[in-house]
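Let's take a friendly walk through this model, strand by strand. Have the viewer ready and follow along.

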Amino acid sequence: MGLLRRNPIETQVMKSVFIVVVVALILRGGDSRGVTKAKPKAPKKFESFEYSAMNCRAHSASLTEFGGVGDGKTSNTKAFQTAISKLSQYATDGGAQLFVPAGKWLTGSFSLTSHFTLYLHKDAVLLASQDLNEWPVLKALPSYGRGRDAAAGRYSSLIFGTNLTDVIVTGENGTIDGQGEFWWQQFHKKKLKYTRPYLIEIMFSSDIQISNLTLLNSPSWNVHPVYSSNIIVQGITIIAPISSPNTDGINPDSCTNTKIEDCYIVSGDDCVAVKSGWDEYGISFGMPTKQLVIRRLTCISPYSATIALGSEMSGGIQDVRAEDIVAINTESAVRIKTAVGRGAYVKDIYVRRMTLHTMKWAFWMTGNYGSHADGNYDKNAFPEITGINYRDVVAENVTMAARLEGIADHPFTGICMSNVTIGLAKKAKKQPWTCTDIQGITSGVTPTPCGLLPDQGTDKPGGCDFPTDDLPIDMVEIKKCTYTSNV
């Protein structure tokens, strides 16, 4: 059987078809004009990080998923409210975390939910709105009876929560800017109808963590846990002008089992102020602050205290432990503030290892602070101040060692100071100690204390008391948590 032969025309056609097909295939893979290159799908990118927290979360979301715009101009109040409301459905399913990405997020007040984490990226800035319509008005706190700035109610805090369990506000040192200048001017001009908002306030709650954030220019107090328990405040930087009014740093108020650690505070008021209610309202409410530990605090506050106890202490303050404290250019190291009408007590206070540079007073106790909620306070409600222990204190450039003023016929008792060295400034007061209506002892204190604090010599070789047991908050297990999201 012979071979089949193609004629020359057929052979040429087949060659042409072959060439066209090859060229087409080459062009499809190239960048020639008129041919669209098929772009491969870009791999998904993820933002992932770890952080430490009391509890981790099973569900995650970003504020941008709820319409958040980080341009510093668009209000994100509704975005925060919607996001938290949506994520609250996971409270019984492992909880949820809301991620705030880099950007400037203008917002008014919003409320947190239980089993929830708010996490701020290191380049995220929450900007407090100056639109009063974005600040709900709340009733006065029951243990205060009235607002601090005005007799009526108070503006809700920027970040607020009540009746919560397991709530965390943290970040990679992200920033919350209260833009307080607007509020400070209103306060000075006496134009406020309600008390200024705080940056963070959580009340009637338990298992709270506030950590690794920078707080700037709060309208008033910065961090205010109140009527709550099991609280960790850690790694917080707080900065406000030293002339700004009432910009207290951290104010645990009628709280139990609280730990404040590794915080740096520059403030126009007390760096830490321990409170528990005001006059007859605090006495009636009857909720003390107790089991509080303060460690590794650095404070700069030229017109106020490093740690203040009171003046609103009418529910009582007990078992406060402060150690490894540094104060620079601050009015006083530890100040107890109270008055007739406060009632209740400040007792079992333990302070050790304080380093003080440039102070007006190292120690200050005031029994005539005044500043009452109203004229109905009980003039027979005398506070009990007892069991106050200071040890291992070094101070330099101090104007006056101590100003200790109790209440006539109701002296402050059980004061103990040991191993205290106070270096006086060149222009120090001639009398370094002022003591009235107090009782106590000292050991190894320089300069020589007043006669109401006699030196015990070697009779108290171990120094003043400091507890050796751990508070329950020190035994809380901290977990390593993760967050991953599309960006």
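Begin at strand S14 (residues 200–203), which runs parallel to S16 and is joined to it by 4 bridges. Within that pair, Ile202 has Pro225 of S16 as its bridge partner. Strands here are DSSP runs of E, at least two residues long, numbered from the N terminus, and two of them pair if DSSP finds at least two bridges between them. The model is predicted, so local features need pLDDT of at least 70 and side-chain atom pairs pLDDT 80 or more, while totals for chains, interfaces and linings use all residues. Residues are numbered from 1 along each chain as its sequence is written, and side-chain values use heavy atoms, leaving out hydrogens and water.

Now widen the view: S6-S11-S14-S16 is the order of 4 strands in an open sheet with parallel pairing. At its edges lie strand S6 (110–111) and strand S16 (223–226), each pairing on one side only.

Further along, strand S24 (residues 384–405) runs parallel to strand S25 (residues 412–424), with 9 bridges joining them; Val394 stands opposite Thr421 in S25. S25 also runs parallel to strand S27 (residues 438–446), through 7 bridges, and there Phe412 is partnered by Ile438.

Finally, look at Gln97 in strand S4 (residues 96–100). Gln97 counts as buried because its relative accessibility is 2% (buried means under 20% relative accessible area, with a 1.4 Å probe and protein chains only). The side chain of Gln97 makes a polar contact with that of Ser60 at 2.7 Å, where a polar contact is a donor–acceptor pair of N or O atoms within 3.5 Å.

Definitions and conventions
Buried means under 20% relative accessible area, exposed over 50%, partly exposed in between (1.4 Å probe, protein chains only).
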